[in-house]
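I opened the notebook to look up a handful of sites, one at a time. The entries follow in the order I took them.

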Amino acid sequence: MLLQDKTVIVTGGNSGIGAAIALAAGQEGANVVIDYVARPDATEELDERITKAGSEAIGVEADVSKVADLQKLIDAAVKEYGRVDVMVNNAGIETRTSVLDSTEADYDKVMAVNLKSAFFGTQLAAKQFIAQGGGGVVVNISSVHEDWPMPGNAPYCVSKGGMRMLTRNAGVELGPKGIRVIGIGPGAVDTPINSSTSADPEKLAALNAAIPLGRMAEPDEIAGAVVFLASDKGAYLTSTTVFIDGGIMMGSVGL
Ligand code: BGC
């Protein structure tokens, strides 16, 4: 199994892409720490699925926009499983507001949940990795929008642009310590963040038409790659982003 006996922390781990990563990691033999802020029932359900797959999981309520709560996740992993091997900075939100419309509150919230959490999640995980003797993997769940503008979703794009540089900078700084830092850039994925699009047939048809593979991804189509790349099979990957987007960034309108 790809992650046998590794300890994996997933922020925003009880829904969407995070829940799919938590489950896939458990199915590959990992002990999983599921971070969540709401829906303890969803955390429990996921915990049961991971246990049924033969691995262990714990849910930890923590608001990753606060550094103290990120430390709580690391401490819980060390207390329960003795170490941390993979830190998945997955928690993310968007406001779908433009440069002109975004309020200070929109900006602060998106930056704190998406970027500040990933920055300090990387820092605290790296400190733990070093204390354990080196090695370890940080996975930053970014987006195609770390590169690609999305008009009307400005704070989100800015936060993902920051994650892009976090992955690059931290990968270069931490490589000599044997720590890898990977960015994953999903395109449109069928998760709660896209519920307004999935619920609107016209918007959904326009989105599907822009994707060469013709549809959104399922969360487990992102999770499979994360688990593979975080395992020793991905040992030479660091400091860059792998896009998993059905080709959306390369699409053209074909005039
Ligand atoms: C955003 C979605 C968007 C998708 C494709 C994701 O990162 O969260 O709102 O539909 O990218 O553009």
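**Ground rules**

I am working on a predicted model, where local features need pLDDT of at least 70, side-chain atom pairs count only at pLDDT 80 or more, and totals for chains, interfaces and linings use all residues. Residues are numbered from 1 along each chain as its sequence is written, and side-chain values use heavy atoms, with hydrogens and water left out.

**Entry: the ligand**

Next I looked up distances to ligand oxygen atoms. Arginine 96 has a polar side-chain atom 2.7 Å from a ligand oxygen. For serine 143, a side-chain N or O atom is 2.7 Å from an oxygen atom of the ligand. Asparagine 194 places a polar side-chain atom 3.0 Å from a ligand oxygen. The ligand taken alone exposes 310 Å², and the protein buries 93% of that (Shrake-Rupley method, 1.4 Å probe; for residues, only the protein chains shown count as cover).

**Entry: histidine 145**

Helices (H or I, at least four residues) and strands (E, at least two) are DSSP runs, numbered from the N terminus. Is histidine 145 buried or exposed? At 12% relative accessibility, histidine 145 counts as buried (buried is under 20% relative accessible area, exposed over 50%, partly exposed in between, with a 1.4 Å probe and protein chains only). Not counting residues up to four places away in sequence, histidine 145 touches Met150, Tyr156, Cys157, Lys160 and Gly161 (contact means heavy atoms within 4.5 Å).

**Entry: aspartate 85**

Aspartate 85 sits in the loop between helix H3 (67-81) and strand E4 (86-89). I noted a relative accessible area of 10%, so aspartate 85 is buried. Its side chain makes a polar contact of 3.0 Å with the side chain of arginine 83. A polar contact is a pair of N or O atoms within 3.5 Å; within protein, one must be able to donate a hydrogen and the other to accept it, and residues adjacent in sequence count only if both atoms are side-chain atoms. Beyond four places in sequence, aspartate 85 touches Asp5, Lys6, Thr7, Phe129, Gly136 and Val137.

**Entry: valine 226**

Valine 226 lies in helix H8 (residues 219-230). With a relative accessible area of 2%, valine 226 is buried. Leaving aside neighbours within four places in sequence, I list its contacts as Ile21, Val139, Ile141 and Ile184. Valine 226 and isoleucine 184 are 42 residues apart in sequence, and their C-alpha atoms are 7.5 Å apart.

**Entry: isoleucine 248**

I moved on to the segment after E7, where isoleucine 248 lies. Isoleucine 248 is buried at a relative accessible area of 8%. Not counting residues up to four places away, isoleucine 248 touches Val144, Trp148, Gly187, Leu207, Ala210, Ile211 and Pro212.

**Entry: glycine 92**

Glycine 92 is in the loop between E4 and helix H4 (104-132). Its relative accessible area is 35%, so glycine 92 is partly exposed. Outside four places in sequence, glycine 92 touches Val113, Asn114 and Ile193.

**Entry: aromatic pair**

I searched the whole structure and found one aromatic pair. Phenylalanine 119 and phenylalanine 120 form this edge-to-face pair, at 5.0 Å centre to centre and 70 degrees between the planes. Rings of Phe, Tyr and Trp (its six-membered ring) pair if their centres lie within 6.5 Å; planes under 30 degrees apart are stacked, over 60 edge-to-face, and the rest tilted. Phenylalanine 119 is partly exposed at 41% relative accessibility, and phenylalanine 120 is partly exposed at 24%.

**Entry: positive phi**

Most residues other than glycine have a negative phi. Arginine 39, not a glycine, has a positive phi of about 55 degrees. Arginine 39 lies in the loop between strand E2 (31-36) and helix H2 (40-52). Serine 239 has a positive phi near 65 degrees. Serine 239 is in the loop between H8 and strand E7 (240-244), and is buried at 16% relative accessible area.
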